[in-house]
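Here is a short briefing to read alongside the model.

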Amino acid sequence: MKEKAKQFKNQVQTFWTESSTLRKSAVISVVLLLLLAIALAAALLFRTNYAPLYSQLTLAEAGQIQEALEQRGVAARVSNDGTTIHVPEADVDRLKVDLAAEGLPKSGSIDYAFFQNQMGFGMTDNEFTVIERSLMQTELAELIRGVQGVEQANVIITLPEESVWLNSGQESSTAAVVLQLEPGYTLDSSQVKALYHLISKSVPNLPIENIVLSDSQFNNYTYQEEETSPAASFQSQREIKQEIESDLKQTINQLLSAVVGPENAIVSVTADIDFTQEQRTEDLVEPVDEEEVSGLAISVERINEMYEGTTGNEEGVAGVGDEIPNYTGAAGGGDSESERTEERINYEVNRIHKEIIESPYEIRDLGIQVMVNPPEGMQALPPQQTADITAMLETIIRTTLPDDGEEEGEQDVGDRVVVTSMPFAQTETGEAEQPSSATIPVWIYAVAAGLVLLIIILAVLLYRKREPADLAEEQDEAAEPEPEQEDEPLMETEETEESKQMRQLNRLAKEQPEDFSKLLRTWLSDE
């Protein structure tokens with residue numbers, strides 16, 4: 001073993017002594033890099049990774065948690081201006097559970113657990129009111145923190161004192177909210193409106209105008225109702241009016257198309273729309289029996305009393321007697337009877353409570369004007385057909401207009417309908433233009449046919465003119481083979497007429513053998 005170690009040492013020394021300076025530098029660099037990599041790996045392997053335990057803490061909460069961690073011997077780091085505490089990553093879950101069991105972090109706010117613990121027989125009304133208001137502020141702040149972009153929220157609520165007097169008016173609550181937003185974040189109008197409604201519905205008797213909402217940069221957020229501009233209102237009303245008129249016009253056109261034919265009627269509809277929207281509450285009292293104008297008897301009480309007795313003689317009043325004329329001194333005695341009858345009936349009537357919200361628009365009046373093109377050869381529609389169309393349009397008006405309880409006379413409905421019959425001007429123009437529109441294609445066809453015929457005639461004439469020359473060239477080509485350009489380039493320029501004919505005949509025999517055979521038969525028959 002020693003010998004092997006000695007041999008290895010000698011080999012290393014020999015290698016080192018025989019190596020050049022460049023090789024020695026490379027070996028040293030490799031060794032240093034290897035040691036550095038080992039050191040880095042060891043540092044990364046044994047390094048403690050920290051993870052956030054709590055974030056967005058107040059300074060008081062951070063101090064409480066830091067003290068609890070020091071008592072447990074846990075190394076902790078604080079960042080983000082004391083609002084975030086980091087602990088070893090492996091201890092995060094365990095520390096959260098342990099600290100929660102101890103009630104940490106203690107934010108100082110009152111929750112439901114504190115409210116239940118403080119309940120007892122010795123609690124006064126003032127203490128109960130203070131705890132209730134603190135609980136309300138805490139829960140409302142938690143709700144606001146759930147809004148996107150809000151980190152913290154401080155809420156102050158003022159509740160009115162209850163009065164023992166019945167005639168005293170009920171006072172309203174007030175609320176002031178200060179938000180701490182995320183860096184660079186700004187609330188939009190929809191979020192501001194949602195926060196106002198959230199705060200108003202969370203606190204009893206808290207109107208929106210009693211809420212003040214701002215952020216930590218002293219930017220106030222006010223509640224703004226959506227106001228409809230006059231231009232937008234006019235545009236929407238105009239669109240509704242046009243849509244109603246368009247629907248009625250389309251319906252009438254469909255009916256008239258089946259009666260007088262398509263495109264033989266022009267319809268104009270004019271509607272008067274009432275856009276007044278009304279909201280009212282009605283409390284009505286009506287009798288159950290409308291004929292007798294009486295209600296329903298729910299309780300009846302009848303009392304019958306009868307008295308019987310005897311009256312004695314009564315002496316006159318002392319000091320009066322015969323001196324006063326026509327005075328009866330005393331009443332005579334005898335039996336007496338009296339009777340009293342009393343009846344009490346409680347009636348119940350119909351009590352009707354209505355909350356009515358009228359529709360945003362109502363068709364107040366309607367007018368229909370129709371112009372009909374009479375059949376060909378007639379200047380106007382028959383009276384019976386005009387009357388039928390008028391009756392149909394009057395029915396449409398009756399069913400479209402609202403029923404206000406008053407029956408409209410035939411004269412009133414008839415004044416809203418106008419049916420006119422006369423030949424259309426565009427129809428006569430169309431009839432005059434129909435022949436021209438019909439002759440245009442014929443004229444085009446005639447010109448095209450003439451051009452085609454002229455082209456055919458010119459082609460035939462040219463073919464006949466060139467036919468003898470072509471036949472001669474074909475004969476020359478058939479007699480002599482076509483000279484090659486590569487072998488006789490000079491003779492190509494001095495090519496004779498016979499050589500051209502032979503070349504054409506050869507080409508004809510190769511490309512069109514049937515025509516070539518016909519040509520040969522023609523030549524043989526001529527000879």
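Strand E13, residues 362-372, runs parallel to E14, and five bridges join the two. This is a predicted model, and the pair belongs to an open sheet of three strands in the order E8-E13-E14, with mixed pairing. Across the whole protein chain there are 14 helices and 14 strands.

- On average, neighbouring strands here are turned by 10° against each other, direction ignored.
- Within the parallel pair of E13 and E14, Ile368 stands opposite Val417 of E14.
- Helix H9 (residues 383-400) packs on this sheet and touches E13 and E14, its direction making about 155° with that of E14.
- E13 also pairs with E8, this time in the antiparallel sense and over ten bridges.
- In that pairing, which residue of E13 stands opposite Thr270? The residue is Gly367.

- Eight bridges link E4 to strand E5 (residues 174-181), and the two pair in the antiparallel sense.
- Val155 stands opposite Val177 in E5.

**Ala141 in H6**

- Ala141 lies in helix H6, which spans residues 125-145.
- Is Ala141 buried or exposed? Its relative accessible area is 7%, and buried means under 20%, so Ala141 is buried.
- Not counting residues up to four places away in sequence, Ala141 touches Ala153 and Val155.
- Val155 is the residue that stands opposite Val177 in E5.
- From Ala141 to Gln152 the C-alpha to C-alpha distance is 7.8 Å, and the two are eleven residues apart in sequence.

**Ser200 in H7**

- Ser200 has its place in helix H7, residues 189-202.
- With 12% relative accessibility, Ser200 counts as buried.
- A polar atom of the Ser200 side chain lies 2.7 Å from the backbone oxygen of Leu206.
- Leaving aside neighbours within four places in sequence, Ser200 is in contact with Leu206, Pro207, Ile208 and Ile211.

**The crossing of H3 and H4**

- Helix H3 (residues 59-72) and helix H4 (residues 92-101) have axes that come within 12 Å and cross at roughly 110°.
- An angle of 65 to 115 degrees counts as roughly perpendicular, and H3 and H4 are therefore roughly perpendicular to each other.
- The crossing in which H3 passes H4 is right-handed.
- Which residues meet where these helices touch? Ile65, Ala68, Leu69 and Arg72 in H3 meet Leu95, Asp98 and Leu99 in H4.

**Two loop residues with positive phi**

- Phe218, in the loop between E6 and E7, is a residue other than glycine with a positive phi, near 65°.
- Phe218 is exposed, its relative accessible area being 75%.
- Glu263 is found in the loop between helix H8 (230-260) and E8.
- Although Glu263 is not a glycine, its phi is positive, at about 60°.
- Glu263 has a relative accessible area of 76% and is exposed.

**The chain overall**

- Of the 527 residues in the protein chain, 20% count as buried.
- Among contacts between residues at least 6 apart in sequence, 69% join residues at least 24 apart.

Key: Residues are numbered from 1 along each chain as its sequence is written. This is a predicted model: local features need pLDDT of at least 70, side-chain atom pairs count only at pLDDT 80 or more; totals for chains, interfaces and linings use all residues. Side-chain values use heavy atoms; hydrogens and water are left out. Two strands pair if DSSP finds at least two bridges between them. Helices (H or I, at least four residues) and strands (E, at least two) are DSSP runs, numbered from the N terminus. Axes are lines fitted to C-alpha atoms, for helices over the stretch in contact, and angles run from 0 to 180 degrees between N-to-C directions. Contact means heavy atoms within 4.5 Å. Buried means under 20% relative accessible area, exposed over 50%, partly exposed in between (1.4 Å probe, protein chains only). A polar contact is a pair of N or O atoms within 3.5 Å; within protein, one must be able to donate a hydrogen and the other to accept it, and residues adjacent in sequence count only if both atoms are side-chain atoms. Angles under 35 degrees count as roughly parallel, over 145 as roughly antiparallel, 65 to 115 as roughly perpendicular and the rest as oblique. A crossing is left-handed if the near helix is turned anticlockwise from the far one by less than a right angle, and right-handed if clockwise.
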